[in-house]
Structure formats: structure tokens, C-alpha cells
Amino acid sequence: MDANLRLWRAEGQSFFQRFLLWADVLDPLLLLKSSDEIKRARLLIQMKGKTLSEPIDNNQTRQAFLLSLSSVHPDTNDIIPVLFRPPAFVPVTLPWVIFSSLQHEAKSTFFFQFVFHTYTTAFTLLNGNGTPKAEEYSLHQKQIFAGLGAISYAACVGALPLVFMNRYTLKSPLTQLIVRKLLPAPLLGLTSAFTAAVVRSPEFENGIEVMDRNGKVVGVSRNAGEKAVRETALSRAVLFGTTFFLPEVLVHFVQRAKLVKNPHALAAVRMVLITSVLAGMVPVSLSMFPQCGEIKRADLEPEILSSTEETELFYNRGI
């Protein structure tokens, strides 16, 4: 079992523990570390040879683990490209979330959401479980084509309400409220979950590796892959659904209370709220489910049951 997963097992048992750890891992300053520093951090972790049965109390070792968690894929041991590491998620997605929330024209909404879903889909692909194998076709090629289809579909769905409203000149206050205020949040949440599930579909089609508590791989499970993808898709829906919905609710109360009257000041308030909610919801959504996922023995396939007596097995859930 990779050191990253061992740390998640040791210090990520509860939601609160995972949240505190993610708050440290998402530090944007970790993006400034070079590849050599990351390799040295991984080497330090290996030299320490910690079992991680207890929380880390050595600051140097903890910093090495944080750098490893933020930069290295636990299945492949590859260094993740800078823009697709967890600490880059908020800075990169923030402007596209803000642009997508404007809901002015169908064409601009389609473009902004297309770029947004392109990044989040690539992020999901590079941070998902890296163990699925396929012999008959190129796995990454299939994921790229499936991802492009999902991105195009998601962007069209996001812009479709505006297309209908403009095409049929539906300008009533109720229509404006539904299309511009109420629909964007659930649509973005659902389409974000959809793109995550599509690009990671090989995980529940081909299965992912499951390990015993000692880190020994005991088999490849489709049920574990389905659980990992389902949990990730749900967390993505909660993240972006809340990021779109909550600022609109707060802006509505600000308008009703007449705390801000200038349109430009109101736009600035909306941007601050979106930034704050997104920054807070990323560690919350990532902490919803354990990063080192667990699956009961009874939930595994018969061929795996015959190869182990463990009551619980573990896998990398991915991000």
C-alpha cells in the first residue's frame, strides 16, 4: 500500500480528521515545490518506513507527507502535473465558476461551462484510481473520447435553459427566476457528477485493485470500483451544486435587506461569496468519504472472497 493511502488510513478515519488534513494538503504554496523537492519528500517517507499506526508528530515528516499527498498519485507513483494537483483546483476552477454563474447569454454560458467541465474532467482523470487495466483497447484513449462527449453534453445541458428562454421569448419574472437563479445549481451539480462518472467508467467496468490491511493486493473488484466512482461523483455534485446555490441565496437576502444598492458592489459581493463558498466546500466535499476507501468482504465478488479471509478490504477512492 502506498504511503499516501497509509496516511489516509491512519489520520482520515473521521470527517473532521479528513477535513483538517485536506485543509493542509490544499495549501497553494505546495504548488511552488519542484519535482526534486517532491522526490526528496517521497524518499524521506520511504526512509522513515513509518507504519503510521499513530498520528505523525515530526514536523519534517509531516511536511513531506503533505507534499506527497498534494503532488503524487498513490497508484502510479507519478508526479501529477501542476495544474491538476489538488491545491490548484480552487484557483483554476474559480474564474470559470464565476463566469458560468453570470447566466447572460446561451453562447457564453456554453463556452464557460465547456472550459469548466474540460478542466474538472481532466482533473478527475488524472486523480482517479490508476489500477484499471484493458488489453483490447487503449484505456486512456477511451477515457479521453468518453470525457469529450460528456463535456460537450454537460455544457449543452447548462446552456439549454437559456436557449429555450431566448428562443421562445420567455421573459416573465417567474421564468427569469427559475432559469437564472434556481436551475443553474442543480444542473451544474448533476453535470459535474455525470462527467466524473463517465471519465472514470473503466473503474466499474474493469474493476480496481483491493488490498488487505497489510497493503497486499488480493484482487480486482468491480464492486469497489463502482463504490469509488459513486462516492466521487456524489461529492462533486455536492461541491458545485452548493457553490452555485448558496451564494445566490445569500445575495438574495442581501438584496432584500438593501445592504448593497449599487449593481457593481452587488456583483463584487457575489464574487466574494462564490470564492468563499468554493474554497470552503472543496475540503468539505473531499472529506465526505475516506480517501483510502473500505469495502466489506460480503460486498466483494466470489473470486475475491476465496482468496482472502479479511473482513474489510481497502482501495484508493481517487479524487
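Student: Which way does α11 cross α12, left-handed or right-handed?
Tutor: This is a predicted model, so we read the crossing off its coordinates. Seen that way, α11 goes past α12 in a crossing that is right-handed.

Student: And how do helix α11 and helix α12 run relative to each other, roughly parallel or roughly antiparallel?
Tutor: Helix α11 covers residues 222-256 and helix α12 covers residues 263-286, and their axes sit 9 Å apart. The packing angle is about 150°. Angles over 145 degrees count as roughly antiparallel, so α11 against α12 is roughly antiparallel.

Student: What sort of residues make up the contact of α11 with α12?
Tutor: Two charged residues take part in that contact, along with five polar ones. The rest of the tally for α11 with α12 is 15 nonpolar.

Student: How is helix α9 placed against α11, roughly parallel or roughly antiparallel?
Tutor: Helix α9 spans residues 184-199, and its axis lies 7 Å from that of α11. The two pack at an angle of about 155°, and α9 passes α11 in a right-handed crossing. Since over 145 degrees is the cut-off, the pair comes out as roughly antiparallel.

Student: Where does UniProt put "transmembrane region", and what is the secondary structure of residues 237-255?
Tutor: The unreviewed UniProt entry lists residues 144-164, 237-255 and 267-289 under that name. In the model, the end C-alpha atoms of residues 144-164 are 30 Å apart, and that span is 100% helix. For residues 237-255 the end C-alpha atoms are 27 Å apart, with 0% strand and 100% helix.

Student: Let's go to the open spaces. Which helices each supply at least two residues of the lining of the largest pocket?
Tutor: The largest pocket has a volume of about 370 Å³. Its lining has 20 residues, with H73, T76, L125, G130 and H140 nearest the centre. Helices giving at least two lining residues each are α6 (106-127), α7 (139-167) and α10 (201-206).

Student: How many residues in the lining of the largest pocket are charged?
Tutor: Sort the lining by class and you get eight nonpolar residues and nine polar ones. The charged residues in the lining of the largest pocket number three.

Student: Which helix gives the largest share of the lining of the largest cavity?
Tutor: The largest cavity is lined by 16 residues, and L69, V72, P74, Q291 and I319 lie nearest its centre. By class, the lining holds nine nonpolar, seven polar and no charged residues. The largest share, three residues, comes from residues 3-11, helix α1.

Technical notes. Residues numbered from 1 in each chain as written. Predicted model: local features only at pLDDT ≥ 70, side-chain atom pairs only at ≥ 80, totals over all residues. Heavy atoms only, no water. UniProt positions renumbered as here; feature names shortened; annotations may be inferred. Helix = DSSP H or I, 4+ residues; strand = E, 2+ residues; numbered from the N terminus. 1 Å grid on protein atoms, 1.4 Å probe; cavity = no way out; pocket = protein on both sides within 12 Å on 5 of 7 lines; lining within 4 Å. Points joined across faces, edges and corners; volume = space filled by probe spheres on them. Nonpolar A, V, L, I, M, F, W, Y, C, P; charged D, E, K, R; others polar. Axes fitted to C-alpha atoms, helices over the stretch in contact; angles between N-to-C directions. Parallel < 35°, antiparallel > 145°, perpendicular 65-115°, else oblique. Left-handed = near helix turned anticlockwise from the far one by under 90°.
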